[in-house]
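Thanks for asking me to look this one over.

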Amino acid sequence: EFITNVYDFNINEEYLPIDIVTFNGKFVGDLREKRQNVINDIVNTCLVNTYNIKDLTKEVIKYVKEKYDSDMEYLWGDLKDAAIARNKNNNKWYLLIMKISKNKLDFEENEEEKIINLKNNDNMVDNKKIFPAYHMNKKKWITIILDNSINKEELFKLIDASYNLIENNK
């Protein structure tokens with residue numbers, strides 16, 4: 001959770017209306033939006049890097065931001081490295097990134113890996129690169145370990161397919 005203060009440097013005082021919900025004019029609304037954008041930038045550039053996310057994960061986050069204007073949402077306070085991306089048109093998830101123990105995907109190892117869950121109606125599970133979804137509907141979602149076992153272009157196509165499935169409400 002962030003605590004922010006906004007200052008009016010013309011009078012050297014804190015600008016309090018930004019946190020008073022009954023103030024809802026254009027200026028204060030624009031200021032609130034700009035503050036939220038700054039917070040999102042801090043989360044996306046600083047905190048994401050703090051959690052030792054592999055390069056492929058960073059590229060996924062950058063890809064969905066640039067292509068779909070999706071910011072990662074960290075919904076679970078106790079899981080700092082779990083985040084979702086939503087379709088802005090219908091508010092539905094199309095992507096979940098989190099860290100799990102590989103044994104949850106039927107590996108013998110217990111080491112933790114970053115995974116991505118994507119919506120998918122095709123039967124693509126091969127249990128090598130693409131697995132039945134962890135913690136999601138296994139008929140409609142897949143899991144991919146973000147360890148570079150799948151190439152970036154293929155992963156981005158699967159992200160696009162997931163987004164399109166959600167966009168079309170399937």
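The points below go from the overall fold to the charged pairs.

1. First, a word on the model. This is a predicted model, in which local features need pLDDT of at least 70 and side-chain atom pairs count only at pLDDT 80 or more, while totals for chains, interfaces and linings use all residues. Residues are numbered from 1 along each chain as its sequence is written, and side-chain values use heavy atoms, with hydrogens and water left out.

2. On the fold: the chain has three helices and seven strands, taken as DSSP runs numbered from the N terminus (helices are H or I, at least four residues; strands are E, at least two). In sequence order the pattern reads β-β-α-α-β-β-β-β-β-α.

3. Of the contacts (heavy atoms within 4.5 Å) between residues at least 6 apart in sequence, 45% join residues at least 24 apart.

4. Now the charges. How many salt bridges does the structure hold? There are ten, each defined as a side-chain nitrogen of Lys or Arg within 4 Å of a carboxyl oxygen of Asp or Glu. As background, side chains of opposite charge can pair when their charged atoms come close.

5. Take a look at Asp19, whose side chain meets that of Arg35 in a salt bridge at 2.9 Å, N to O. This pair links distant parts of the chain, 16 residues apart: Asp19 is in the loop between strand S2 (13-14) and helix H1 (26-50), and Arg35 is in helix H1. Asp19 is partly exposed, at 47% relative accessibility.

6. Within helix H1, Lys26 and Asp30 are four residues apart, so about one helical turn separates them. Their closest N and O atoms are 2.9 Å apart, in a salt bridge. Lys26 is exposed at 65%, whereas Asp30 is partly exposed at 31%.

7. Glu59 and Lys152 form a salt bridge at 2.8 Å, N to O. Because Glu59 lies in helix H2 (residues 55-68) and Lys152 in helix H3 (residues 152-167), the pair ties together parts 93 residues apart in sequence. Glu59 is partly exposed at 31%, and Lys152 is partly exposed at 31%.

8. Finally, please check Lys65, Asp69, Asp71 and Lys88, which are linked in a network of salt bridges.

Note on methods:
Buried < 20%, exposed > 50% of the residue type's maximum accessible area, 1.4 Å probe, protein only.
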